[in-house]
Structure formats: C-alpha cells, structure tokens
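Please look over the sequence and the structure shown here before reading on. The paragraphs that follow lead through selected parts of the model.

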Amino acid sequence: MIKNIIFDLGGVLLDLDMPYCITRFKSLGLDLNKLTESNKNSTSGSTQKNAVLCEGMVATGAMNLYQTGDISTDDFFLGMQRYALPGTTMKQLKDAWNTCCLTIPQYRLDKVYELRQKGYNIYMLSNTNDEHWQDIVARCFGSYEDVTRYFHRTFLSQEMHLAKPNDVIYTTLLSEINAEASECLFIDDSQPNIDAASALGFHTIKAQVTKTKDGKVIERPSIDWVNLVDQKLS
C-alpha cells in the first residue's frame, strides 16, 4: 500500500526552461564548457553519478558540485565570473542562472495539498542548489514556512550532498522517513531518475514536462501527473 508520495521539483511541480538559461549565459559571454569541466577537487567521490538537472540534461564539473552542495554559492558564481565578459556582475550571473526557474502552477500545489489532506505523507526530493531554492521559495511559495503547508519534509541535493540518480539518495530518504520503497510513489520527469527508483522497488510516475520557450510557457502537458496520480493510488 502506498503511504508516501515523493515529488521532484523542477519539471514536475516547477516549469523549467534550461535552454533559455543557456541563452542568457551566452549573452554574458559565458562559455558553459568551463562550468562542466571535471573538477579533481570534488568531494562527491568518483563513484557518484552526475546530478540530473532535467530530462536530457546532466550537471557535471562545477555545476554538479554546486547541485550537491560541495561548493558554495559564492565560489560557484565567482568561477562563472572568471569566464564571463569583463564587467559582468554577480547579480547579472545570478539573474541569468535563475531564468530557468519559471512558475509552479497553482493547480499542482492544490493537488499536493489535497493528497496531504487525504492522509498521505508528502515529500520533495530534488536536485537543486541554494540559489535556485531561495528564488523558488520566495516566488512560488512565499516563505519556508509556506513550503511546510504542502510537504512534511524536503530532501534537497545540496543539503544531502547527494544527487539523483545515485541509489544512495533514495535509500537515505527511505531511512529518514522510516519507509519501504514499496510504500512510496515517486514522481519525476527524468527517465534515469525513474529507472533508479523503480529498480529499488518504488512505484513511479514519469511526468510530462511543460513546453517552454524564451522563458515563457508555450504548452502544458496534455496528461499531467495530476491526471494520473489518483489512478496510481487506487
């Protein structure tokens, strides 16, 4: 019996536009290859898989280290600044970085809240970073206290020093919530993340993502996870 529902953030709750973020970086003269070079000082360990940013995009190098909290926000953006156009400010870099994070449609939050009210334990498991998380909380929730209205607990890669699809992030979550994988429904937009959870015995839903362009929503999924979750729980 499913008792726990675990949501990814970006691509499941939050609409994303990573190509627009990349375009904004290019306008600042930033060579993204410099951010994805291997980093021999990584504290994540060579056996760790790189963090999945969204379907089809994987973080490597400095991006991976930032996603897993192994370098600070200041160090990450200072590293960016070295490769950007002369005179590029930290604010410009952070603004560009945050452009990939669009909005969380209210109907999705309403569904999360409904499921919580029905007695399910609701969790978030997200590959994210401190700059994105602060921006999302401020714009989409209002405050950290408001996040707890929907989620019993959030599990964030930068706090756990782990990232999906590494098995250990899933087993750590199970240990923390004292649950078996067979009691959990995991919803994510990335196939590698879904595959890893399924192999461990989680029930899963692969979410369809919203189509976006130039930082704007073009088309929402014809079949959102919101339309599938009740059937999965029955």
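Which residues have the most contacts inside the largest nonpolar core? They are Phe7, Leu13, Phe151, Ile187 and Trp225, in a core of 49 residues. A nonpolar core is a set of buried Ala, Val, Leu, Ile, Met, Phe, Trp, Tyr and Cys residues joined through side-chain atoms within 4.5 Å; buried means under 20% relative accessible area, exposed over 50%, and partly exposed in between (1.4 Å probe, protein chains only). The largest share of this core, 5 residues, comes from helix H6 (residues 130-141). A second, separate core of 19 residues includes Phe155, Leu173, Ala181 and Ala196.

The model is predicted: local features need pLDDT of at least 70 and side-chain atom pairs count only at pLDDT 80 or more, while totals for chains, interfaces and linings use all residues. Residues are numbered from 1 along each chain as its sequence is written, and side-chain values use heavy atoms, with hydrogens and water left out.

Helix H1 spans residues 18-27, and its buried residues are Met18, Cys21 and Phe25. Seen down the axis of H1, these buried residues fall within an arc of 55° (taken from the directions from the helix axis to the C-beta atoms), so they line one face of the helix. Pro19 and Lys26 are exposed on the face turned away from that buried side. Gly29, with a positive phi near 75°, follows H1. Helices here are DSSP runs (H or I, at least four residues), numbered from the N terminus.

Asn98 lies in helix H4 (residues 90-98) and is buried, with a relative accessible area of 10%. Beyond its neighbours within four places in sequence, Asn98 is in contact (heavy atoms within 4.5 Å) with Glu131, His132 and Asp135.

Note on methods. Helix = DSSP H or I, 4+ residues; strand = E, 2+ residues; numbered from the N terminus.
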